[in-house]
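Dear colleague,

Please find below the structure that I am handing over to you.

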Amino acid sequence: MEIRNFILLLILFVLVSCGSDYLPKPKGYNRIDLPERGFTALKNDVPYSFEHSVNAFVEPDSFNLAEKSWININYKSLGGKVHLTYLALDTDGKDIKTVVNDAINLTAKHQIKAYGIEESMMVTPKGYTGVVAELSGEVPTQFQFFVTDSTRNFLRGALYFNTAMKNDSLAPAIEYIKVDMIHLINTLEFKK
């Protein structure tokens, strides 16, 4: 008789414990701790200078080691990199029209996945012309820019993240690095 009571009690316990008031956990976002902002002068031997974040380190671009003036600004703690490519104009068929068209076409390739591309022109304190493109949506690069003196120098930058997180989760890090890139653009000086 004891086993029968135990089984009935167990069945009753299972039936009572299975209520319909279960609520699933809401989706959470990854926590991103943003470092305190600070800047330092670029110390690499390249044909340009600027101030970059003290929270990022400068490294050679591993994609094209032959180009010594191509570098990455690596935000390791945020999982992002800004790829910087430099071109000397009027060499090897690299005139201003060609390189600007190439930069615009590289940004336009993201139109397939981008919800929108917002471009704005700017003039830096040194008098250089720049174009900043902010892309929204699930695109591989959310922020691109180029700056030129229109005669001798051209610098292009693109922000990439090496993560599978959605861009809405990365939004704080993207905004943080955007501010740093605007500072970089405003302190940029071509040496030639």
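**Overall layout**

Read along the sequence, the chain follows the pattern α-β-β-β-β-β-β-α-β-β-β-β-α-β. It holds three helices and 11 strands; helices (H or I, at least four residues) and strands (E, at least two) are DSSP runs, numbered from the N terminus. This is a predicted model, in which local features need pLDDT of at least 70 and side-chain atom pairs count only at pLDDT 80 or more, while totals for chains, interfaces and linings use all residues. Residues are numbered from 1 along each chain as its sequence is written, and side-chain values use heavy atoms, with hydrogens and water left out.

Of the 192 residues in the chain, 38% are buried; buried means under 20% relative accessible area, exposed over 50%, and partly exposed in between (1.4 Å probe, protein chains only). The accessible surface of the chain is about 12100 Å², and carbon and sulfur atoms contribute 57% of it. Such areas come from the Shrake-Rupley method with a 1.4 Å probe, and for residues only the protein chains shown count as cover. Among contacts (heavy atoms within 4.5 Å) with a separation of 6 or more, 49% link residues 24 or more positions apart.

**The paired strands**

Two strands pair if DSSP finds at least two bridges between them. Strand β8 (residues 129-137) and strand β9 (residues 141-148) run antiparallel and are joined by six bridges. A hairpin of three residues connects β8 to β9, and Ala133 stands opposite Gln144 in β9.

On its other pairing, β9 runs antiparallel to strand β10 (residues 153-161), again with six bridges. Here Thr148 stands opposite Phe154 in β10. The hairpin of β9 and β10 has four residues between the strands, and Ser150 takes a positive phi near 75°. Eight of the eight residues of β9 are buried, so β9 is largely enclosed by the rest of the structure.

Strand β10 also runs antiparallel to β6, through nine bridges; the bridge partner of Leu87 in β10 is Phe154. In turn, strand β6 (residues 80-88) is joined by five bridges to strand β5 (residues 71-75), and these two run antiparallel. Asn72 stands opposite His83 in β6. Four residues lie between the strands in the hairpin of β5 and β6, where Gly79 takes a positive phi near 75°.

**Helix α2**

Which residues of α2 are buried? They are Val99, Val100, Ala103 and Thr107. These residues cover an arc of only 100° around the axis, which puts them on the same side of α2; the arc is that of the directions from the helix axis to the C-beta atoms. An α-helix has 3.6 residues a turn, so residues three or four places apart point the same way.

At the start of α2, a side-chain oxygen of Asp95 reaches to within 3.0 Å of the backbone nitrogen of Lys97.

Yours sincerely

Methods:
A polar contact is a pair of N or O atoms within 3.5 Å; within protein, one must be able to donate a hydrogen and the other to accept it, and residues adjacent in sequence count only if both atoms are side-chain atoms.
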